[in-house]
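Here are my notes for you to read with the model open on your screen. Take the points in order and find each residue as you go.

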Amino acid sequence: MTTAAAPALNPLAEAANAAIAKDCPAILAMLSERGKRFFFPAKGILAQGAEAKQKAKVANATVGIATEGGQPMHLACVHKYYNGITPAEAYDYAPSYGKPDLRQAWAKKQREETPSLGSHPTSLPVVTNALTHGLAVVGDLFLDPGDIALSSDLMWENYNLSWETRLGARIVTYSFFDSKLTGFNITAFTQALAQHQGRKLVVALNFPNNPSGYTPTRAEAGAIVNALTAAAQAGTRLVVVVDDAYYGMFFDEACLSESIFGKLAQAHENLLAVKVDGGTKEAFIWGVRVGCVTFGIKNGTKPVYDALEQKTAGIVRAVISNVTAAGQSIVLKALNDPDFRRQQGEKVALLKNRAAATRAECYKPEFADCWDVYPFNSGYFMCLRLKGAKAEDVRVKLLDAHGVGTIALGVSDLRVAFSCLTEAQIPGVFVAIAAAVRDVRGK
Ligand SMILES: Cc1ncc(COP(=O)(O)O)c(C=O)c1O
């Protein structure tokens, strides 16, 4: 039996790897085998098409779309649904990297919102099909089968599907909260980091957290940055994935109100920070599917960031080719709209009121026998640790007997999305949960 030899690296992958090896050798050791192989086909159809777009003044016969009257051919029965967006903005292909104007506008937004980043250079954002796809691409770049990704025990379940089921990596967890449920469990986090000292480790940080709705305080965030920096100093090669899905939904003065990416992006040569963010929750456009992946590292240089962007865009090209042009055009217009911040602020204020109404109910002494409340101060959710009843049994009882939908997580956690409850609904929801817990428990 002969074993097939691994295909030779494409010269463009070799060039990208060489650029990384020269300025940031630790990153080369973080890349997965797939990550090392990937490159952007800069000399292929896309590049030839881009060149023709600039220079083919007489006739452009490169692009795989159809044109008519100087714009993308289109049907009136489709276009009548697009208001204020041109056929080119809606139907033309976007580059695999994302629309250049959107990438610039998103980078500007990130920097404005992340003062701690200062003038430290990062890559430009590469546009993904929202955050799920961004996380998947990051997994593709950095996770080989058997590699370890560290996450809090309270985490979004899709990490498992994407990184474990799809890529064969292994997620290990630490306990997100301390045992008294007062805040972030820095001891557990630091111990978990120590167990992988000297190796490569992907670490997922998600604040505001799904499912708990917790963002660390500024002091806790400082301790997280220090723990990661110390681990990098001790030789662990860290890829820290900052999942900022719920960025901006902060309801408490004490929470860190900027992305932890700002500090991590300049923390250490052994620590590559990867910001995964997007319009999904921030701009309330869940089904539009526009997100971004952005890299930052202490000694990051333009050639290194170019190489990482190329590899990222190469994976986008290989799997989905490019992200919805209409969606990107809409997000760009929204970012440039003078009303964007005000309108976004109004919606966040609504969510903040719902969080306050939730807080007023869930801690009531009459429910103390039914649950502990995980700390929450941000995001869309809060989570209860039920007492004496299985979360799945309570979920089913709540649905069948009370018509209230919640999410059961693990054995005893119940997630409540206050983001989709009116303030008026909130008291009744907690009364119903308590009734369901007592019913399931039999007292
Ligand atoms: C923590 C977290 N990350 C990422 C995502 C994915 O977001 P998107 O819809 O942009 O793929 C979600 C969505 O629920 C989430 O809760």
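**Notes on the predicted model**

1. The labels come from DSSP runs, where helices (H or I) need at least four residues and strands (E) at least two, numbered from the N terminus. Before you go further, note that this is a predicted model, in which local features need pLDDT of at least 70 and side-chain atom pairs count only at pLDDT 80 or more, while totals for chains, interfaces and linings use all residues. Residues are numbered from 1 along each chain as its sequence is written.

2. Now look at how the strands pair, which here takes at least two bridges found by DSSP between two strands. Strand E12 (residues 407-409) pairs with E13 in the antiparallel sense over three bridges, and Leu 409 has Asp 413 in E13 as its bridge partner. Strand E13 (residues 413-417) is also joined to strand E11 (residues 381-386) by five bridges, and these two run antiparallel. On that side, Met 382 is the bridge partner of Val 416 in E13.

3. How is the protein divided into domains? The assignment gives domain 1 (11-40 + 96-335) and domain 2 (340-441); such bounds come from an automatic or database domain assignment. Taken over C-alpha atoms, the centres of domain 1 and domain 2 are 29 Å apart. Their contact takes 25 residues from domain 1 and 20 residues from domain 2, where being in contact means that two C-beta atoms, placed from the backbone, lie within 7 Å. The side of domain 1 that touches domain 2 divides into 15 nonpolar, eight polar and two charged residues. For that count, Ala, Val, Leu, Ile, Met, Phe, Trp, Tyr, Cys and Pro are nonpolar, Asp, Glu, Lys and Arg are charged, and the others, Gly among them, are polar.

4. Next, the inside. The largest nonpolar core has 122 residues, and those with the most contacts inside it include Val 240, Leu 264 and Ala 273. H8 gives the largest share of this core, eight residues. Domain 1 and domain 2 both give residues to this core, so it lies between them. A nonpolar core here is a set of buried Ala, Val, Leu, Ile, Met, Phe, Trp, Tyr and Cys residues joined through C-beta atoms within 7 Å. Buried means 20 or more other C-beta atoms within 10 Å of a residue's own, exposed means 12 or fewer, and partly exposed is in between, with C-beta atoms placed from the backbone. To see one member, click on Ala 273: not counting residues up to four places away in sequence, the residues that Ala 273 touches include Val 242, Phe 261, Gly 296 and Ile 297.

5. Which residues surround the ligand? Among them are Ala 130, Leu 131, Thr 132, Trp 156, Asn 210, Asp 243 and Trp 286. Helix H8 (residues 130-142) gives the most to this shell, with three residues. The shell divides into five nonpolar, six polar and one charged.

6. Check the backbone too. Most residues other than glycine have a negative phi, and most peptide bonds are trans. The peptide bond from Phe 207 to Pro 208 is cis, with omega near -10°. Another cis peptide bond joins Asn 210 and Pro 211, with omega about 20°. Pro 208 is in the loop between strand E6 (200-205) and helix H11 (218-233), and Pro 211 lies in the loop between E6 and H11.

7. Leu 181 has one of about 55°, in the loop between strand E5 (170-174) and helix H10 (186-194). Leu 181 counts as partly exposed because it has 15 C-beta neighbours inside 10 Å. Ser 321 has a positive phi near 70° and sits in the loop between helix H14 (302-319) and helix H15 (325-335). Is Ser 321 buried or exposed? Ser 321 counts as exposed, because it has 12 C-beta neighbours inside 10 Å.

Note on methods: Near = placed C-beta within 6 Å.
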